[in-house]
Amino acid sequence: MTLISKPKGLFSQKDRIDVIFLLAVLLITTYGTLMVFSAGGAYAEARYNDSLYFIKKQTVWLIIGFAVMIIASRIEPNLYKKYTPHLYCLTLFLLILVLAVGFVGNGAQRWISIGPITIQPSEIAKLSIIMMLSLYFDKNQTRALDRRHRKNVFIHGTVIPCLIMLVPVILVMLQKHLSCIIILGTISLLLILVAGVDMRYITAFCGVGVIGISCLALFTDYTKDRITVWQDPEKYKLTGGWQTLQGLMAIGSGGLFGVGYGNSILKHCYVSEPANDMIFAILCEELGLLGGALAIILFALLIYRGCYIGLRAPDCYTRLLCIGICIKMAVQVLLNIAVVTNTIPNTGISLPFFSYGGSSLIMLFFEMGIVLSISRYSKIQK
């Protein structure tokens, strides 16, 4: 059974959300919030003279996020489908707007300020690309997957979907946001692949993408410096390699059981961004290998259950949308842990539900609400 074919032997569970998925969301949110409270206290005290600064703001965003998730879970999937083109166009507009009037934070111009609200359009782009590709394959599945006509498969199954991806990717590229480019490209190509498009064509486009990203990385000073540091962080331990080395030291210090919740030493301004991109390192220091493994297991449960819901969704659009959201989650988790463990060069990638943040957290809850909405119309085995 491909993702766009209709499941058989299933029956509807309308108006009953998937309790296991909701429980997984609640568990991982609780775990992440506890870690923000522990990891961010010392840094917040040093920077804002208030050890509760991060957790107070995170709590507000959690309340807003839960409200967004509940509302999103009550919206019928057909309404998401109807307004998908509108969201995609709005995303493109915001990505252009951030280049013109966005403000600079941490050396990058990636945010738009609307009164007290700060929006990062690249976070919205991740979901809008998933939704637009899902809608495209829902409308064009016959031409996109007709392997008897290679021209149709190449044009409608590969070229056009890749163009849908490339427009926002190019706009994000102008923001010099390499990590987001990698995430957007990976999500899109994986979603096109699981839709059932011939792998030979996708492989060719993957090759072009890898070459393009490699050129961008090697010929841009910002990314080239990070690759240099990644190869030998010890050599640059007082500059670019400091965060990586402190993160690895935090992970190594934790051992099997950790030094105890709240007892991290390296969160005291040794690890930069201890409540954000590097929070997994503090988690491993305080709760050890077992604590890190528990976080990964919870993510695996969430992603597995989301895919389970997606595979039993009623149509092509909702199946691909649900699977796409799960792919996004998996890609971000893997890349964040890879950065923290120095498996890949250091770049700004947050850990879903754990990293401190506003717009990204609310978008996550919105996506979870969409999956719960789809689960109300999904089907389970007879």
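Visitor: Leaving aside its neighbours within four places in sequence, which residues is Thr 244 in contact with?
Guide: Thr 244 touches Pro 233, Asn 342 and Asn 346, where contact means heavy atoms within 4.5 Å. By the way, this is a predicted model, in which local features need pLDDT of at least 70 and side-chain atom pairs count only at pLDDT 80 or more, while totals for chains, interfaces and linings use all residues. Residues are numbered from 1 along each chain as its sequence is written, and side-chain values use heavy atoms, with hydrogens and water left out.

Visitor: Why is Thr 244 called buried?
Guide: Its relative accessible area is 4%, and buried means under 20% (exposed is over 50%, partly exposed in between, with a 1.4 Å probe and protein chains only). So Thr 244 gets the label "buried". You'll find Thr 244 in helix 9, residues 242-254.

Visitor: What makes a stretch a helix?
Guide: Helices are DSSP runs of H or I with at least four residues, strands are runs of E with at least two, and both are numbered from the N terminus. Going by that, the chain has 12 helices and 5 strands.

Visitor: And how do you know that the chain is as compact as a globular protein of that length?
Guide: Its radius of gyration, taken over C-alpha atoms, is 21 Å. The globule rule, 2.2 Å times the number of residues to the power 0.38, also gives 21 Å for 382 residues, so the chain is as compact as a globular protein of that length.

Visitor: Where is the kink in helix 10 centred?
Guide: On Leu 287, with a bend of about 125 degrees. The bend is the angle between axes fitted to the seven residues ending there and the seven starting there. Helix 10 covers residues 279-311 and spans only 32 Å between its end C-alpha atoms, whereas a straight helix of 33 residues would span 48 Å. That expected span is 1.5 Å times one less than the number of residues.

Visitor: How many disulfides does a search of the whole structure find?
Guide: It finds 0. A disulfide needs a pair of cysteine sulfur atoms within 2.5 Å. For Cys 89, the nearest cysteine sulfur, that of Cys 180, is 18 Å away. For Cys 180, the nearest one belongs to Cys 162, at 17 Å.

Visitor: Why does Cys 180 count as buried?
Guide: Because its relative accessibility is 1%. Thr 29, found in helix 1 (residues 19-48), counts as buried too, at 3%.
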